Amino acid sequence: MSILASLARAYERLPDAPPFGYSVQNIGVIVGLNEDGTVASVTPWFDGEGKKRKPRPMLVPQPVKRTAGIAPNFLWDKTSYVLGVTSGEGKRTADEHAAFKERHEKELAGTDDPGLKALLLFLRRWTPDQFDASQWSDDFKDQNVVFALETDRHNNLWLHNRDAAKALWMRVSGGDGKNPQICLVTGKSGPVARVHPAIKGVWGGQSSGGSIVSFNLDAFTSYGHMQGDNAPVSEAAAFAYTTALNTFLSDKKHRLQIGDASTVFWADAEDAEAALLAEAAFPEFFDPAKEDADTTKEVKILLERLRKGDQELDKDLALEAGELVKKLEKGVRFYVLGLAPNAARISIRFYYESDFGELARNYQRFVNDMRIEPPWREPYAPLWRYLVETAVLGKRENVPPNLAGEWMRAILNGADYPLTLLSTVLSRIRADGEINALRASILKAVLIRNYERKVPVALDPTMTDSKGYLLGRLFAVYEEIQRAALGGNVNATIKDKFYGSASATPRKVFGLLESGSANHLAKVRKLSPGRAVNLLKLQDQIMDLMEPSKGPYPAFFSADEQAFFGLGYHHQHSDFFKSRKDNQTDASGETAQ
Amino acid sequence: MAYGIRLKVWGDYACFTRPEMKVERVSYDVMTPSAARGILEAVHWKPAIRWVVDAIHVMKKPQFQSVRRNEVGSKIPAGKVKSAMKRGDLEGLQLLVDEDRQQRASTVLVKPRYVIAAHFELTTKADADDSEGKHLDIFNRRARRGQCFHQPCLGTREFAASFELVEPGDPTPEPAPEDRTRDLGFEDARRLGFMLWDIDHQAKGKPSMFFDAVLRDGVMQVPQPGSPEIRK
């Protein structure tokens, strides 16, 4: 299914979706009218108290899409339109108010509904200076206003909910009925939406919302078509997909932020329970930080099962999960849509549609790719934690644009990772010299997927497939020798000075390192002869694996070998770190005796 | 299908832009019939014949990648060109690309590979010299030699297409076993949604025509002109 079609389908399954032609908007004021058009009451419609006071959402006729022009809504709008009053400068308030009056004079002409008549009478009578009267408050300025007949108001029946208003709105909003075209979402003939409703809540986009379907410059149009005619989508389909998307974007249960991609996801299944479970599990894949109180037991079991595989789960859990996963694998369709803004337009970063079972398998593959020993301090780091490792200064806003989306797409599809992932991580390592478990696991994952190499999870002292891995280990040994000789308080260690060139052009550096380490070793021998022997032994061991006859140090390393270098360094370095810790506890144990 | 031909086409990238997402471009999953027609016409076309695409065989699982490019924000209006021609003066008829930039994202297909199955019909412009056999021979000869009037492309001009004739009588190439997945409609037919069939250039307003695209065992059947499956 196409993106719009699947969203339009999701709309049909939304539990409390606004009906066609209506939309939920934040309303601040209700004006009660007498039948002669005089104001009977003005009621604030707020939630909360004091500073937290916020307008309350209400179902109102769909707003028109306003960009630069003046366009009034039907039966409701903000005060500058309805009353001609605004707190700002309001250069064109008078025009806006006139437009509101004019539209309603036109649409409401000839009505005999007492409510609609009252509104007409009110508009004819109203002048902006009447706002000074006591019942109006300055707080009301620039809020959205709806009307009600005073007699209806106590029953919470608003003017736009009166049957006559609804019938009129159906007629007004249903398009002119002329020029029906085939809709590319439904395949049925209908009036085509000229402009689609705005999509709000895409991170980094304009606050007034943006559009997926828009043709805002003539370079984007074809065959002389105007606006919506370039891609005929019926009014109903346009309403359905935007409503569904807006609902998902504003709902924490259907939304994730991954880098610059605002990601929405939803499940579609006959079995509503299974769909809910899938929707609850998905965000836990990529942002497990929230995993606590609101995670159900079932989601926990599913996650454990996916992360660890069946073998390592204990029996009871595995049995319980079996039933659950069967439910999810059968007939739950899952959709993921990544959006990124480009000013007023919204671009699709990625779109994924498949069975949940396949998604779960791809996630499992991702977890396996990323597994590394020793692990990061928290297991299963959220995706943004990894992404930050690609960013300058470790700031989330510095994550290279598009990288997050491309990576996410690769994870969801089980496809190759973007190679920019490897090059950015390598250049980050060169720039700040830090190589941690997160970076190492990204290196490992790219090596496995894109280069189809066999890569060890933990330190593998016998691994000889890659020169980069061996030299990375050797580099860590030299660093350790320096540390053993000079202690931890060296201003610039050989890692700080040489990591970048050692990983890229080893031949230039390693000769230097070797001669330097001889001096350090001599010092270590005096301080602690045993340690010197151990380090030398390790160095020889690594050297032996390298077949020195073929020339041990290549002139330069390609990106994949640089990744191996980083991985080898990380493995060896953390091995030293581990043994150092063990030694310390041993030593303290001895002194205690 | 008596005069059917099959042409293998492939390239590094392809963008068969969906009409609803043609600003921030998103490609269809599979080549559209009108894009296939464009490739065939690049190899051989005469006013006497009209290409009809029968089916698109998909050889590779669709894979996407998203790129951002700086493009131009406006076109030179045809009316201005006309008046410039009348005046015999180019004054005011220019488009300064570096001053009219639009950054646009495109989600494009990576390493696509298809076999186009098509045939042609003679049009009313065919005269006594035109026979179906003649044009078929011309096409086959040209495609075999790799000749084309202009470089065929996969959806947009910047994504050039390579092509190769599938010899008459040879079996249609099949996707590799690892690609015979549900993405290509094996096991279960995969619905792709409504796809652009072509533009109705004859009708007033040049409306678009759509059809319900389904991938079944790696093949997308394309409805014949005039069939009720084409919605317009």
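**Salt bridges at and around the interface of chains A and B**

Across the interface of chain B and chain A, the rule finds 2 salt bridges, a salt bridge being a side-chain nitrogen of Lys or Arg within 4 Å of a carboxyl oxygen of Asp or Glu. Before I go on, please keep in mind that this is a predicted model, in which local features need pLDDT of at least 70 and side-chain atom pairs count only at pLDDT 80 or more, while totals for chains, interfaces and linings use all residues. Residues are numbered from 1 along each chain as its sequence is written, chains are lettered from A and ligands numbered from 1 in the order in which they are written, and side-chain values use heavy atoms, with hydrogens and water left out.

One salt bridge joins the side chains of B:Glu24 and A:Arg345, at 2.7 Å from N to O. On the side of chain B that touches chain A, β5 (64-72), β6 (101-110), β9 (190-199) and β10 (208-216) of chain B each supply at least two residues, where strands are DSSP runs of E, at least two residues long, and helices are runs of H or I, at least four, both numbered from the N terminus. The largest share of that side, 6 residues, comes from β5(B).

As for the extent of the interface, 38 residues of chain B are in contact with 37 residues of chain A, contact meaning heavy atoms within 4.5 Å. The two chains bury about 3,200 Å² between them, 53% of it on carbon and sulfur atoms; buried area here is the accessible area, taken with a 1.4 Å probe, that two parts lose on being put together, summed over both.

Now to the salt bridges over all chains, for which the count by this rule comes to 41. In chain B, the side chains of B:Arg144 and B:Glu167 meet in a salt bridge at 2.8 Å, N to O. This pair links distant parts of the chain, with B:Arg144 in helix α3 (residues 132-145) and B:Glu167 in the loop between β8 (162-165) and β9, 23 residues apart.
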